Amino acid sequence: MKLTRREALAASACALASLGAAPPLPSYRLATFRAEVTVPPGHALMGGGIAPARKIADPLYALGFVFLGAGKPIVFVSVDWCEIRNDAHARWRALLAEAARTTPDRVMVASVHQHDAPVADLEAERLLRAAKATGSVCNLAFHEKAVRRVARAVAQSMRAPQRVTHLSTGQAKVDRVASNRRYLARDGRVSFGRTSATRDAHARAQPEATIDPWLKTIGFWDGERPLAALSCYATHPMSYYGKGEVSSDFVGLARKRRQADLPDALQVYASGCSGNVTAGKYNDGAPGNRPLLADRIYRAMAAAWKNARRHPLRGVTYGTVPLRLAPRTDAGFAEAELRRRLVKDARPFGQCLAALGLSWRKRALAPLDVPVLDLGPAQLVLLPGEAYVEFQLAAQRLRPDSFVMAVGYGECGTGYVPTAQAVKEDDDNLHDWCWVAPGAEKALLEALKAALAKKP
């Protein structure tokens, strides 16, 4: 009797099982991509909050991968921009989904959050232009050109995806980079003033406080051949900044060195949940600190790769959980006040902040999502905005038996996503760059719990 192809495959699987052999690995593939997204001279940086671009210290990139074989393709991209917010974030997801032949909800877009880099918020910029304001958040034409360039890179990568059979997970402690913004001032009161570049000797002498000291790396392999590595660490990625010198800063320099070490395996870096974590304890803003911080990140990346464990890749899944974060309505954040500030504020950056707030109010009418790529031994979860590091630590506690990589700076329309304690203690970083109402901690923790729940 002649067997059909399906019957023959089933018979082969049964034969292997009877011999005690492992079943064949699922058929997964990986397509990696890279595209430059450096802003032109004169472009606003950090949403108009610092000097515009005047020179390019090093180029900015969007780097990522498309994972195939687990339903519709799944895209992850990390962008050397300060933030991608609201309808700009939706635009990235839509165009990259089209290029990868998938749906926007299966596209994970994260910003690395360097400050000498652009903030993208199309609605905010349209509001500024309509109000004839002097402030500017971003250049609409440049944004469209940049995201289309990345989409072309995605489409090109889809022509030659590579087989991926194994996953690696590794981590290493980072030496003298991260510190929490929160410390006790000389008078014993709580201060949140330890910024990325901190010159106050007392602030720098205080303990690191709450951080995640581990840099984590997920690697993708075809047998013994590495294809890509995604590294993630929770800190604001700035050394010196604010003078118009566009740069991917010390994390970009570390990534570049790792790419030279492994030229055939794409190196991607993402920032963890670090709204309240900076390099301020170890950085006074001197330019010479940039290569020092880069070397510390590089060494941790190399150690995490060396220490990694490899796992056969099986049972990959992807899902999203809805998350509602309400806009603020307290003094200075009501819609009428924001609209008045858009036209009346004498400071260009004040106009930009009002436009960003109005853009978020429009975006917040619909829920955000918390996406999770579950790779079996590891989970990659993307959180919105400048989520505080406590959310990253909470995500890890939800799956203590697994390797949880929590990436921050997804949908950045929120600005800071603080803990309830930070709100109670009047964290002064929340006075302008935070557009979510109190209660965000409870909502985000519930979403994380649902997103990272073990599948039966």
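**View 1. Histidine 113 sits in the loop that links β6 (107-111) and β7 (119-120).** This is a close-up from a predicted model. With a relative accessible area of 1%, histidine 113 is buried, because that value falls under the 20% cut-off. Beyond its neighbours within four places in sequence, histidine 113 is in contact with Trp81, Cys82, Glu83, His236, Pro237, Met238, Glu386 and Tyr409.

**View 2. Five strands make an open sheet of mixed pairing, in the order β6-β4-β3-β1-β8.** The edges belong to β6 and β8 (162-164); each has a single partner strand, so one side of each lacks a neighbour in the sheet. On average, and ignoring direction, neighbouring strands are turned by 25° against each other.

**View 3. Strand β1 (residues 28-36) runs antiparallel to β8 and is joined to it by 3 bridges.** Look for tyrosine 28, which stands opposite valine 164 in β8.

**View 4. Helices α2 (residues 86-100) and α4 (residues 140-157) pack on the sheet.** Helix α2 touches β3 (61-68), β4 (74-79) and β6, and its direction makes about 135° with that of β6. Helix α4 touches β1 and β3, with its direction at about 150° to that of β1.

**View 5. Helix α10 (residues 389-398) has Val389, Phe391, Gln392, Ala394 and Ala395 as its buried residues.** Their cover includes β10 (179-180), β17 (277-278), β22 (386-387), β23 (403-407), β24 (416-417) and α12 (440-451).

Methods
Residues numbered from 1 in each chain as written. Predicted model: local features only at pLDDT ≥ 70, side-chain atom pairs only at ≥ 80, totals over all residues. Heavy atoms only, no water. Buried < 20%, exposed > 50% of the residue type's maximum accessible area, 1.4 Å probe, protein only. Helix = DSSP H or I, 4+ residues; strand = E, 2+ residues; numbered from the N terminus. Contact = heavy atoms within 4.5 Å. Pairing = 2+ DSSP bridges. Axes fitted to C-alpha atoms, helices over the stretch in contact; angles between N-to-C directions.
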